[in-house]
Amino acid sequence: MKDTPMQLKVARILSPACIVLLTCALLTACSTVARAEKPKIDCSQIRGVCYPITPRDQAIKELGYGKRVNLNAVRFWLSRPSFQKYGDQYIQQVVDFVRLCDEHGYKSMPILFNGNMLDPKTIEPEAYEQADAFATAIVNALKDEPGLLMFDVMNEPLCSPYISAAPQEERQARAEKIWTFLRREIELVQKLAPDALTTVGYTTAWEIEESTAKMIDVVSFHDYSDRREHMDNNFKLAKEWGEKLSKQVMNTETGCLARANPYELALQRCNQFGMGWFVFELMIHGRCVDEHGIFYPDGTIRDAATIAAMFGCYRNRDSRTVVPTNPNREGKVDQALNLLRSALKEYTSDAFDYRRSDKKALLDACEVAANLLEACELTPMSELPTTQIEAFRRDDNADLWEIRQFAYELAKRLQEVAQIF
């Protein structure tokens, strides 16, 4: 069959070099279509909190607390046992939670696997299929959700007895087994959701392992350091990793009262290093009630300094510029002591009788003293005297002798801090 005049004309126009260039252009265009664009985010603007999947009405209320301090992201653990037990029902629960968070202004970072309390059986090659099935179900369900921030493929990979309790000579081999498993799952997530961002929540910057860090989109680390020097070293190393790998860096877990890791100090360091953050955790509840958490169930807070730090305001710790408070600057301590003395002087016609004490007068005097101590932060903020005063006011059967003792102790404390004899 002979070429048509049109085919001959095209052949004359398109030289071999032109054909090569055209082919390359077509391949590039096809590749661009096939390779989805990763979402572009500024990780330094993430103000997140760890918060578990929670029933709808409760979550709406509690997420509302977080919006008071402009939180915009949640990080939560997924449950393989729940998936294995409930299947699609559990997947739908996860999807509903992500959508609920999105409705209320939060992007979500679901955590697929957890290094804490790791069951070694789950990272053996014979268990890969089960792990893959779990990851596949989660990723396919969430990859197109507008509320998805990124996948945290594994939380604290090496933070488990599987590593810490192992004989020293076995630790490297065990760690490599975890990294092999993790690299496999990162690859799977990226294959299933090529346009979704991925990270790994390394326990500290010292745990960051280059082969896995190269695969993920954002480097994230945790900090529970117990002093400023250690904290600074952790942040500096994380920043160096980010520069080395040309990736954004953020802190996805920080804040623990029982680890000498104040929220205020941790958030100040995040701001200093220009990193976004997730504090652990939103609510004061559960097994960590006395060491973690920002809000009580009724929306009150544990620590005002934490809230201030979320807005970029921190305590002055420079002894050269700190101004000590003076509760008696306007003579208010003198007035409070006079009120307490007056309320404590209750007598019958012939003898002292505490049962004739005026409960309201006592508590009113106590409140003035307590407000002075609290306003000037001259009393432990975890044991606010106004808390006890309110309890006394609510109790119609409060012991008047106990109230008098409380008033006397307040007076002594006020005299001490105001240096009044």
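## Lining of the largest pocket

Five elements each give at least two residues to the lining of the largest pocket: β2 (73-77), α4 (80-86), β3 (107-114), β4 (151-155) and β6 (218-223). Helices (H or I, at least four residues) and strands (E, at least two) are DSSP runs here, numbered from the N terminus. The space in this pocket comes to about 1100 Å³. Its lining holds 47 residues, of which Trp-77, Asn-114, Asn-116, Met-117 and Asn-155 are the closest to the centre. By class, the lining has 21 nonpolar, 15 polar and eleven charged residues. Ala, Val, Leu, Ile, Met, Phe, Trp, Tyr, Cys and Pro count as nonpolar, Asp, Glu, Lys and Arg as charged, and the others, Gly among them, as polar.

For your own comparisons, the search runs on a 1 Å grid over the protein atoms alone. A pocket is an open set of points with protein on both sides within 12 Å along at least five of seven lines, a cavity is a set where a 1.4 Å probe fits but cannot get out, and lining residues have an atom within 4 Å of a point. Points are joined across faces, edges and corners, and the volume is the space filled by probe spheres set on them.

## Model and confidence

Keep in mind that this is a predicted model, in which local features need pLDDT of at least 70, side-chain atom pairs count only at pLDDT 80 or more, and totals for chains, interfaces and linings use all residues. Residues are numbered from 1 along each chain as its sequence is written, and side-chain values use heavy atoms, with hydrogens and water left out.

The mean pLDDT (the predictor's confidence in each residue, from 0 to 100) is 91, and 90% of the residues reach 70 or more. Residues 4-35 are another matter: pLDDT stays under 50 there, and the model has three contacts beyond four places in sequence for them. Where pLDDT is low, the predicted coordinates should not be read in detail.

## Overall build

The protein has 16 helices and eight strands. Of its 421 residues, 44% count as buried, where buried means under 20% relative accessible area, exposed over 50% and partly exposed in between (1.4 Å probe, protein chains only). Among contacts (heavy atoms within 4.5 Å) with a separation of 6 or more, 73% are between residues 24 or more positions apart.

## The cavity

One cavity of 30 Å³ or more turns up in a search of the whole structure. The space in the largest cavity is about 30 Å³, and its lining consists of Leu-257, Tyr-263, Gly-293, Ile-294, Arg-302, Asp-303 and Thr-306. Three of these are nonpolar, two polar and two charged.

## Backbone details

Most residues other than glycine have a negative phi, and most peptide bonds are trans. Phe-280 and Glu-281 are joined by a cis peptide bond, with omega about 5°; Glu-281 belongs to the loop between β8 (277-279) and α12 (304-310).

Asn-70, in the loop between α3 (56-68) and β2, has a positive phi of about 65° and is partly exposed at 42% relative accessibility. Gln-419 follows in the segment after α16 (400-418), with a positive phi near 55°; at 68% relative accessibility, Gln-419 counts as exposed.
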